[in-house]
Protein chains: 2
Amino acid sequence: MKKFVTIKDIAIRAGVSINTVSRALNNKPDINPQTKQKVLQAAKELGYIRDLNALSLKNGITKTIGVVFEDSSNPFYAEVFKGIEYCARKYGYQIILMNTERDYINEIKAIKTLIEKRVDGIIISPTQFDSDDISYLVSMNYPFVILGVHFENSQLDEVYSDDFKGGYLATKHLLDKGRKKILMINGYMYKSVAKMRYQGYVKAMKEYGLKPYHMVEIEEGYESCFNKISELKDLDYDAIFCFNDVFAIAALKALRTFGKTVPEDVSIVGYDDISYASFVHPTITTVKIDKFQEGMIAFEILQERLSEKRDKPKQIVLDVELIVRESA
Amino acid sequence: MKKFVTIKDIAIRAGVSINTVSRALNNKPDINPQTKQKVLQAAKELGYIRDLNALSLKNGITKTIGVVFEDSSNPFYAEVFKGIEYCARKYGYQIILMNTERDYINEIKAIKTLIEKRVDGIIISPTQFDSDDISYLVSMNYPFVILGVHFENSQLDEVYSDDFKGGYLATKHLLDKGRKKILMINGYMYKSVAKMRYQGYVKAMKEYGLKPYHMVEIEEGYESCFNKISELKDLDYDAIFCFNDVFAIAALKALRTFGKTVPEDVSIVGYDDISYASFVHPTITTVKIDKFQEGMIAFEILQERLSEKRDKPKQIVLDVELIVRESA
DNA sequence: TTGTAAGCGTTATCAC
DNA sequence: GTGATAACGCTTACAA
């Protein structure tokens, strides 16, 4: 296997002590320029590459953060990741990415491993199936940021979008278009995100003097939504508010199978504004979250915590925006 | 900041030496069961979590691999990542993910950082703008696997798909449908992938006694393709073979803007078979690559190398499959 | 200006 | 069965 050059090797080559090497490599002042030159030369010849792990052991800082997502192949998280990475790069951090596949057991394992790796901090979008692991992080005072969801009655670092407003805007838009029988295809309500969007939906309906029409909770994924809509073939509705754009795209497709047109027969509003929402036909009216920014902010919040610039919990609520396209 | 419990702390608590603690924690045989129990108890009470970095320093093994992608938000890579992760989980490896954004400078930096982190191995989809960095990895005998592309005249560990065949199948399918004026919207030809697909296209055309009709090289991304097709509005063609499905989706959209219907006026074939290829309307005929499997294989090849089960380079060529849908 | 030695958390080697 | 001690690669007091 590979063998790395150490400062010891350089020291021997240059005929100095290891810490003279360290001095030269780290641009310390108290060193003779000639010695420095000699050391640097030796280092170059040998092809020295510093060992950041050894450094970490010394410092207690790994310059690495952990990111725990439900599913990084979901365009939402994929984009968030880019935002995190953008900032991480700026500050010289590496990222260990782990997906939970929406399995709480995986979430626990991921956190454990990340702590074993001594990552400086963690950015996590929790499954919310349970939150003992989060409590654990709190109890050991581990730096972490919750992304995408909001834990009520807690004092955590969080960045999430204003999903109540999003649900409200989406529904109001449908109502303004004259729709009344608005079906909501939602995610599971134990997730705060789904709950908030539903509450926004309810609020808008009420404002228009209507009762919430019909809401179903389904698991994530195109198939899941496609099947549900097929199943609800006989339900009478004139609009669908979807939990996310993938659902909306699935809805589009499902409605087509039984000859309904969008937006004429049924209006559709999605959520997230993933790029594919504007690639399909008709393009999808949706609630936009600035995902890249959400990732950046998550990192920044974590960074503030790590650099001890801030002690109190910080919660950033991202504004959302209704993007009107063809589907509603 | 956080402070971690060390085996020393446990030793003090249990009233034994640190290496007795190590013995207990690692299930070594030569230890009194009672002592072991006592130590384990102390470890639990203190909330001990082992430090994998310290262990790495000792072993010279980090149980971490680096993954360098052009863009992990591209559904192709997103899926590949899942495959890598699936195997990594199985073998107990963590993954540091870094994107290059198709910038060779970023690629160099990523590799450097990963080596500094002493990752056990690297899986990389190179930009192919240059390959000094790859040569460097070879020269230092660093374990790595090239993913998605093939370097001619080299002896590297690689996993890539049979893009010559893919290009051929796609084009042949269009020809069999009676299309002759087949436009190819390709990626840059300095990438072996683009080159292979083009060669497949040429071969099929020749077989049907035709000259390659028209091929353009453009950069990746929906916009890029959409604009190019709008630009080529006056070109006379009856089919498009797209470098990937995102291009195909863009083509669909662009053609719609000037009233051409798919597949009646223009047939379209994409490449990759990302999930969105079957979500859009019309669904896209495409060349399928098993992305998850490609990721798994990449890891397996790397793993074989790491466990020294294999010494010689291994190159796996994944078969591809034409998936016929509505667009052609 | 340079070298020596301790220490980061862990395991392995050797005595006891 | 258990405990010192060295070692992994590096930085940082402290000494020279």
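The structure is a predicted model, in which local features need pLDDT of at least 70 and side-chain atom pairs count only at pLDDT 80 or more, while totals for chains, interfaces and linings use all residues. Residues are numbered from 1 along each chain as its sequence is written, chains are lettered from A and ligands numbered from 1 in the order in which they are written, and side-chain values use heavy atoms, with hydrogens and water left out.

The domain assignment of chain A, with bounds that come from an automatic or database domain assignment, gives domain 1 (7-50), domain 2 (60-160 + 291-318) and domain 3 (163-288). Between domain 1 and domain 2 of chain A, the C-alpha centres lie 38 Å apart.

The contact between the two chains, where contact means heavy atoms within 4.5 Å, takes 57 residues from chain A and 56 residues from chain B. Buried area is the accessible area (1.4 Å probe) that two parts lose on being put together, summed over both, and for chain B and chain A this area is about 5400 Å², of which carbon and sulfur atoms give 56%. On the side of chain B, the residues that lose the most area to chain A are B:K117, B:R118 and B:F279, which together make up 13% of what that side buries.

Side chains of opposite charge can pair when their charged atoms come close. With a salt bridge taken as a side-chain nitrogen of Lys or Arg within 4 Å of a carboxyl oxygen of Asp or Glu, the count comes to 48 salt bridges over all chains, and the rule finds 7 across the interface of chain B and chain A. B:E101 forms a salt bridge with A:K82, in which the closest N and O atoms are 4.0 Å apart. Within chain A, the side chains of A:K112 and A:E116 meet in a salt bridge at 3.6 Å, N to O; both residues lie in helix α6 (residues 104-116) of chain A, 4 residues apart, about one turn of the helix. Helices (H or I, at least four residues) and strands (E, at least two) are DSSP runs, numbered from the N terminus.

Grid points are joined across faces, edges and corners, and a volume is the space filled by probe spheres set on the points. The structure holds 5 cavities of 30 Å³ or more.

The largest cavity has a volume of about 250 Å³, and of the 20 residues that line this cavity, the closest to its centre are B:F76, B:Y77, B:V193, B:R197 and B:F243. Its lining has 8 nonpolar, 6 polar and 6 charged residues, and α5 (75-91) and α9 (192-207) of chain B each supply at least two of the lining residues. Domain 2 (60-160 + 291-318) and domain 3 (163-288) of chain B each contribute at least three residues to the lining of the largest cavity.

The second largest cavity has a volume of about 110 Å³, and A:N53, A:K117, B:N53, B:T64 and B:K117 are the closest to its centre of the 13 residues that line it. The second largest pocket holds about 1100 Å³ of space, and of its 32 lining residues, the closest to its centre are A:R118, B:Y48, B:R50, B:D51 and B:A54. The largest share of the lining of this pocket, 6 residues, comes from α4 of chain B.

Most residues other than glycine have a negative phi, and most peptide bonds are trans. The peptide bond from A:H281 to A:P282 is cis, with omega near -10 degrees, and A:P282 lies in the loop between β9 (267-272) and β10 (285-288) of chain A.

Notes
1 Å grid on protein atoms, 1.4 Å probe; cavity = no way out; pocket = protein on both sides within 12 Å on 5 of 7 lines; lining within 4 Å. Nonpolar A, V, L, I, M, F, W, Y, C, P; charged D, E, K, R; others polar.
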